[in-house]
Amino acid sequence: MDQSGSPTAEALHAPVLRWYDANARVLPWREPDAGAWAVMVSEFMLQQTPVSRVLPAYEAWLERWPKPVDLAVEPPGEAVRAWDRLGYPRRALRLHAAAQAIVERHGGDVPDDHAALLALPGVGTYTAAAIASFAFGQRHAVVDTNVRRVLARALTGVAQPTISPTAADQRLAVSALPADEPTAARWAVASMELGALVCTARTPRCGDCPIRSRCAWVLAGSPPYDGPPRRGQTYEGTDRQARGRLLAVLRAASGAVPKKTLDASWPDATQRDRALDGLVADGLVEPLGRNRYRLPS
């Protein structure tokens with residue numbers, strides 16, 4: 001706490017790091033020998049996707065493509081095929097493009113320079129910071145939804161952060177970083193894990209939290225969220241579901257698929273055609289002559 005009685009980030013570091021050492025999940029991309037490419041693959045897959053769904057796809061991916069060059073020499077459609085049911089399949093195309101850029105620009109090794117990471121296709125602010133921190137032990141603010149929630153509660157006393165990330169979130173995360181690189185890298189993953197396992201959105205386990213006695217939200221009486229409604233994403237009957245059905249047909253095929261076969265996968269013709277047009281525009285599906293389609297080659 002500072003002189004005003006408000007919690008400080010420095011007071012959170014030691015208890016969160018001790019908690020992480022005792023409670024962290026054993027995950028393959030956290031193993032000491034995982035390597036930067038494994039970390040990068042996991043970060044692409046984990047965007048908006050739970051760990052339980054990522055694990056089998058991640059393991060299959062690394063078995064098939066253990067290095068960036070192994071993926072880079074394959075057609076992009078193979079990346080889309082291997083993405084299977086992870087959702088948001090444009091991530092597969094971006095990861096394929098990033099692998100090609102790593103081979104072309106960095107000799108096949110994931111770069112350890114933050115600016116070089118940020119320049120790779122599909123790598124934004126969060127992903128560059130995550131790879132630099134988790135793979136190379138550097139000092140960067142790795143700000144995902146879990147971290148935003150932990151810091152919002154612990155340091156600002158609100159139940160939930162804003163719906164969309166803000167510059168203020170980034171500044172708060174930077175201010176909360178430990179000074180030295182190794183500790184900052186451990187803090188980045190530890191605070192994220194705390195948000196994933198204990199400081200959860202709907203039912204936080206405050207009784208199990210290592211910083212409950214220092215948390216501004218708990219000290220304020222855990223006031224309820226009073227911001228704009230936080231609506232969950234729907235999936236059933238959406239264009240996203242229609243796109244997923246169409247891609248499932250194409251993934252299962254060894255070559256081109258006639259339009260009539262795709263038509264059988266979704267009943268609403270208008271929505272189906274809109275979804276197919278969107279897949280083509282996104283580069284996930286390649287149109288051929290005679291009304292046939294395939295994954296991109």
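This is a predicted model: local features need pLDDT of at least 70, side-chain atom pairs count only at pLDDT 80 or more; totals for chains, interfaces and linings use all residues.
Before I show any cavity volumes, let me say that a cavity here is a set of points, on a 1 Å grid over the protein atoms alone, where a 1.4 Å probe fits but cannot get out, and that a lining residue has an atom within 4 Å of a point. Grid points are joined across faces, edges and corners, and a volume is the space filled by probe spheres set on the points.

Residues are numbered from 1 along each chain as its sequence is written, and side-chain values use heavy atoms, with hydrogens and water left out.

To begin with the overall picture, the protein has 15 helices and three strands, where helices (H or I, at least four residues) and strands (E, at least two) are DSSP runs numbered from the N terminus. Its C-alpha atoms fill a box of roughly 75 × 45 × 30 Å along the principal axes, and 44% of the 297 residues count as buried, that is, under 20% relative accessible area with a 1.4 Å probe and protein chains only.

Now to the cores, each being a set of buried Ala, Val, Leu, Ile, Met, Phe, Trp, Tyr and Cys residues joined through side-chain atoms within 4.5 Å. The largest nonpolar core has 51 residues, and those with the most contacts inside it are Trp 37, Met 40, Met 45, Trp 61 and Leu 95. Among the elements that give two or more residues to this core are helix H2 (36-46), helix H3 (51-64) and helix H6 (90-106). Apart from it lies another core, of 30 residues, which includes Leu 151, Ala 188, Val 189 and Ile 211.

Let me stay with helix H2 for a moment, where Ala 38 is found. Why does Ala 38 count as buried? Because its relative accessible area is 4%. Leaving aside neighbours within four places in sequence, Ala 38 is in contact (heavy atoms within 4.5 Å) with Trp 29, Tyr 58 and Leu 62, and the C-alpha atoms of Ala 38 and Tyr 58, 20 residues apart along the chain, are separated by 8.5 Å.

Back to the cavities, of which the structure holds two of 30 Å³ or more. The largest cavity has a volume of about 90 Å³ and is lined by 15 residues, with Cys 199, Cys 206, Cys 209, Ile 211 and Cys 215 lying nearest its centre. The second largest cavity has a volume of about 50 Å³, and its lining includes His 140, Leu 151, Trp 187 and Ser 191.

Which element gives the largest share of the lining of the largest cavity? That is H9, with three residues. H9 is mostly covered, since ten of its twelve residues are buried, and these buried residues pack against helix H1 (9-23), helix H10 (167-175), H11 and H12. As a check on geometry, the twelve residues of H9 should span 16 Å at 1.5 Å a residue, and the end C-alpha atoms are 15 Å apart, which agrees; the expected span is 1.5 Å times one less than the number of residues.

Terms used. Buried means under 20% relative accessible area, exposed over 50%, partly exposed in between (1.4 Å probe, protein chains only). On a 1 Å grid over the protein atoms alone, a cavity is a set of points where a 1.4 Å probe fits but cannot get out, and a pocket is an open set with protein on both sides within 12 Å along at least five of seven lines; lining residues have an atom within 4 Å of a point.
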